[in-house]
Amino acid sequence: MLTKRQFKNIAISFVLTIMATPVMGQDLLAKQAPIDRRMKAVDSMALKRLFQAESYENPAADLYNDWNNRYAHKATVLPDSFRIDLRDFCMPTTSRVLTSNFGARWGRQHKGLDIKVYIGDTIRAAFSGKVRIVRYEGRGYGKYVVIRHNNGLETIYGHMSKQLVTEDQEVRAGDPIGLGGNTGRSTGSHLHFETRLCGIALNPALMFDFKNQDVVNDYYVFRKSTYNRESAEATRLRGVGGKAVNGDLDIPQQSYASAEPATSKGARTHTTRFHKVAKGETLSSIARKRGMTVSAICKLNHIKTTTRIRAGQILRYN
């Protein structure tokens, strides 16, 4: 039978044990915290490298279905709206002199802006991305370069005297990509500069202000419903002589549009449709909404059924 003194000692030991347990737990948590922070940093770096690798392989993959070095521009159906990030830009040339606007010219549509440069002037990449085309076209662009950027745009640089990059090369905003020239269908040395979204030419004056050597804003939100009015206003504000011209959005019905003359008289037509992912949507909910299977959507977009989609992502569904 326990004496009163023994019982008291046991009770005190029990209380001290209980009091020490949270402290031990706190010590374990404190020791684990630096490990957790290091693992989080490692995970973040691994994810960053993965995203960089995916962007390099196919910039703006959410918006374009393929990567090829064949066509200068391949027209697909535009989303109704799309936000283009203009930050981290570089002006393609330091020249502030525009010689021709975007829009109707000599009975045809001029798809870009002409900027006065001299033979040998450095031409630079407007944004970071990957070079898709480096080619010569005698009856059109001359020596030209096409770059697909991570922000969804493709830019075209025409009439250069020399190209300084190769196809599939990764470039950063401001990297030299060529030298000013007068090659191809040109009547004097200049840079022909185009900005395209899904292969469709957009007025560069909506985004670039060459006279002030700056972009118009941090972002440009393209909207089909307001584009034509905005394009005319951009030309009035930032074009040659401040005069607006007809620059209607020209969306071809052919399955592709190329800088080169078409070689096929029977180009097939089709309508490609896209779904912009809303917050909370899943592949299953999108498939139900569009009357398709998840596997069919995955096949069209070259993704897996386990791929996590995010709000704002563009998915093809036919």
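**Entry 1: helix H4 and its neighbours**

I started at helix H4, whose buried residues pack against H3 and strand E19 (314-316). By contact I mean heavy atoms within 4.5 Å. I took helices (H or I, at least four residues) and strands (E, at least two) as DSSP runs, numbered from the N terminus.

A note on the source: this is a predicted model, where local features need pLDDT of at least 70 and side-chain atom pairs count only at pLDDT 80 or more, while totals for chains, interfaces and linings use all residues. Residues are numbered from 1 along each chain as its sequence is written, and side-chain values use heavy atoms, with hydrogens and water left out.

Which residues of H4 are buried? I found Ile-297, Cys-298 and Asn-301. Buried is under 20% relative accessible area, exposed is over 50%, and partly exposed lies in between (1.4 Å probe, protein chains only). These residues sit on the same side of H4, because they cover an arc of only 100 degrees around the axis. The arc is taken from the directions from the helix axis to the C-beta atoms. Just after H4, I noted His-302 with a positive phi of about 55 degrees.

**Entry 2: H3 against H4**

Next I looked at how the two helices cross. The axes of H3 (residues 283-290) and H4 (residues 294-301) come within 9 Å and cross at roughly 100 degrees. That makes H3 roughly perpendicular to H4. For the record, angles under 35 degrees count as roughly parallel, over 145 as roughly antiparallel, 65 to 115 as roughly perpendicular and the rest as oblique. The axes are lines fitted to C-alpha atoms, for helices over the stretch in contact, and angles run from 0 to 180 degrees between N-to-C directions.

Where do they touch? From H3, Leu-283, Ser-284, Ile-286 and Ala-287 meet Val-294, Ile-297 and Cys-298 of H4. I sorted the residues of this contact into six nonpolar, one polar and no charged. Here Ala, Val, Leu, Ile, Met, Phe, Trp, Tyr, Cys and Pro count as nonpolar, Asp, Glu, Lys and Arg as charged, and the others, Gly among them, as polar.

**Entry 3: strand E8 and Arg-148**

Then I went to Arg-148, which has its place in strand E8 (residues 142-149). Is Arg-148 buried or exposed? It is buried, with a relative accessible area of 3%. E8 is mostly covered, with seven of its eight residues buried. The C-alpha atoms of Arg-148 and Arg-132 are separated by 6.5 Å, though the two are 16 residues apart along the chain.

I checked the pairing of E8 on to other strands. Two strands pair if DSSP finds at least two bridges between them. Strand E7 (residues 129-137) runs antiparallel to E8 over eight bridges, and Gly-129 has His-149 as its bridge partner. The hairpin of E7 and E8 has four residues between them. Strand E9 (residues 153-160) is joined to E8 by five bridges, also antiparallel; there Val-146 is partnered with Ile-156. In the hairpin of E8 and E9, with three residues between the strands, Gly-152 takes a positive phi near 105 degrees.

**Entry 4**

Last, the totals: I counted four helices and 19 strands in the protein. Of its 318 residues, 39% count as buried.
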